[in-house]
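Reader: I'd like to go through this one with you, starting with the fold and ending with the charged side chains. Can you take me along?

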Amino acid sequence: MSERRLISSHSAFEAVAGYSRAVVDGDDIFVSGTTGYDYTIMELPEDLLAQTHGCFRNISAVLAQAGASLDDVVRVRYIVTRAEYAETVFPVFGAYFARARPAATLIVAGLLQPEMKIEIEVTARRRSAPLPG
C-alpha cells in the first residue's frame, strides 16, 4: 500500500474548504492551486512578476516538504486573470522549469480575490535518479 500524506499550510481555510496544500500519494505529489502570497509578511504583492515568483517560492517549499523539487514537476496549470499577462510570465515559467519541462496548460479566469493575478497548480513525481542533462 502506498503512502498517502496530507501537507498543510496550517490555514483555517483548509478545514473550511476541505482541502490540503498538497497530497502525497506514493511518489506522486499533488499541489493545490498556489498564489504568490508572501507568508513572511502576510501580504500579496501587487506586481504580477512578484506574485509569479511568490507562487514558485510557495510551491517549492511544499515540494521540499514532500521530498521533491520543481525539477520533479510533470504537470502544471497556470491560471492568470488577463490574457496579456502571458507575455510577461512565460519567461519566468521557462526559467523555473528549464529542466523539468512539464506538460502545461494556461487558463485565463477570475480568481478568488480581485488582487490575485496568478495561481499555479502542479503535479510532481519523486524520482530515484536525477533528470539527465
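This is a predicted model: local features need pLDDT of at least 70, side-chain atom pairs count only at pLDDT 80 or more; totals for chains, interfaces and linings use all residues.

Reader: In what order do the elements of the protein chain run from the N terminus on?

Author: Counting first, the protein chain has 3 helices and 6 strands. Read from the N terminus, they come in the order β-α-β-β-α-β-α-β-β.

Reader: What radius of gyration does the protein chain have, and what would a compact globule have?

Author: A compact globule with 133 residues would come out near 14 Å, so the chain's value agrees with that. The C-alpha atoms fill a box of roughly 40 × 40 × 25 Å along the principal axes. As for the radius of gyration of the chain, it is 15 Å.

Reader: Which parts of the chain does the pair of Glu 3 and Arg 126 tie together?

Author: Their side chains meet in a salt bridge, 3.1 Å from N to O. The two are 123 residues apart in sequence, so the pair ties together the segment before β1 (4-7) and the segment after β6 (118-125).

Reader: Which residues are linked with Glu 3 in a network of salt bridges?

Author: Glu 3 also forms a salt bridge with Arg 5, with the closest N and O atoms 3.2 Å apart. Glu 3 counts as partly exposed because its relative accessibility is 36%, and Arg 5 is partly exposed at 30%. The network links Glu 3 with Arg 5, Asp 27 and Arg 126.

How values were computed
Residues are numbered from 1 along each chain as its sequence is written. Side-chain values use heavy atoms; hydrogens and water are left out. Helices (H or I, at least four residues) and strands (E, at least two) are DSSP runs, numbered from the N terminus. The radius of gyration is taken over C-alpha atoms; the globule rule is 2.2 Å times the number of residues to the power 0.38. A salt bridge is a side-chain nitrogen of Lys or Arg within 4 Å of a carboxyl oxygen of Asp or Glu. Buried means under 20% relative accessible area, exposed over 50%, partly exposed in between (1.4 Å probe, protein chains only).
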